[in-house]
Amino acid sequence: MLLNFIKADFKEDLLVKKYLELISCGAKTSEILVLVQNSNLKKQFSDKVLNQINVDAIEKLQIHSLIDSIFVLFQYLLFL
């Protein structure tokens with residue numbers, strides 16, 4: 001889901017809401033990939049999700065900054 005035309009604050013709230021909706025429908029956090037621009041936005045998104053989630057235990061959130069995603073892709077390519 002790409003949301004370039006919506007104000008930043010509303011966009012983040014909408015993405016957090018959609019992320020929590022996917023988890024409540026049974027999706028695992030390992031099946032949902034979130035890419036953000038930098039580590040500050042990564043922390044903000046993670047904090048909002050963890051503050052609003054109503055699940056007792058969850059897997060590690062797959063939220064990556066652009067630099068993280070390049071590193072993950074590089075690791076994946078090395079182990080093919």
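1. Buried side of H2. In this predicted model, helix H2 buries Phe45, Ser46 and Val49. These residues sit on the same side of H2, because they cover an arc of only 100° around the axis. The opposite face, turned away from the buried side, carries the exposed residues Asn40, Lys43 and Asn51.

2. Length and start of H2. The helix runs over residues 39–52, which is 14 residues. From its first C-alpha to its last it reaches 20 Å, close to the 20 Å expected at 1.5 Å a residue. The N-terminal end of H2 is capped by asparagine 38. A side-chain oxygen of asparagine 38 lies 3.1 Å from the backbone nitrogen of asparagine 40.

3. The nonpolar core. The largest nonpolar core has twelve residues: Val16, Tyr19, Leu20, Ile23, Ile32, Val34, Val36, Phe45, Val49, Ile53, Leu61 and Ile63. H1, E1 and H2 are the elements that give two or more residues to this core. Its largest share, four residues, comes from H1. Two of the buried residues of H2, Phe45 and Val49, are among the members of this core.

4. Leucine 20. This core residue is in contact with Val49, Gln52 and Ile53, once neighbours within four places in sequence are left aside.

5. Threonine 29. This residue belongs to the loop that lies between helix H1 (8–24) and strand E1 (34–36). Is threonine 29 buried or exposed? Its relative accessible area is 4%, so threonine 29 counts as buried, the limit being under 20%. Not counting residues up to four places away in sequence, threonine 29 touches Tyr19, Ile23, Glu59, Lys60, Leu61 and Gln62.

6. The whole structure contains four salt bridges. In one of them, the side chains of aspartate 13 and lysine 48 meet at 2.9 Å, N to O. Aspartate 13 lies in helix H1 and lysine 48 in helix H2, so this pair ties together parts that are 35 residues apart in sequence. Both residues are partly exposed: aspartate 13 has a relative accessibility of 39%, and lysine 48 has one of 27%. The pair also belongs to a network of salt bridges that links Glu12, Asp13 and Lys48.

7. Glutamate 21 pairs with lysine 18, their closest N and O atoms being 3.2 Å apart. Both residues lie in helix H1, three residues apart, about one turn of the helix. An α-helix has 3.6 residues a turn, so residues three or four places apart point the same way. Glutamate 21 is partly exposed at 36% relative accessible area, and lysine 18 is partly exposed at 33%.

8. Aspartate 47 forms a salt bridge with lysine 43, with 3.0 Å between the closest N and O atoms. The two residues lie in helix H2, four residues apart, about one turn of the helix. Which of these residues is exposed, and which partly exposed? Lysine 43 is exposed, with a relative accessible area of 53%, whereas aspartate 47 is partly exposed at 31%. Lysine 43 is also one of the exposed residues on the face of H2 turned away from its buried side.

Terms used. Residues numbered from 1 in each chain as written. Predicted model: local features only at pLDDT ≥ 70, side-chain atom pairs only at ≥ 80, totals over all residues. Heavy atoms only, no water. Expected span 1.5 Å × (residues − 1). Buried < 20%, exposed > 50% of the residue type's maximum accessible area, 1.4 Å probe, protein only. Arc of directions from axis to C-beta. Polar contact = N/O pair within 3.5 Å; in protein donor to acceptor, adjacent residues only side chain to side chain. Contact = heavy atoms within 4.5 Å. Core = buried A, V, L, I, M, F, W, Y, C linked by side-chain atoms within 4.5 Å.
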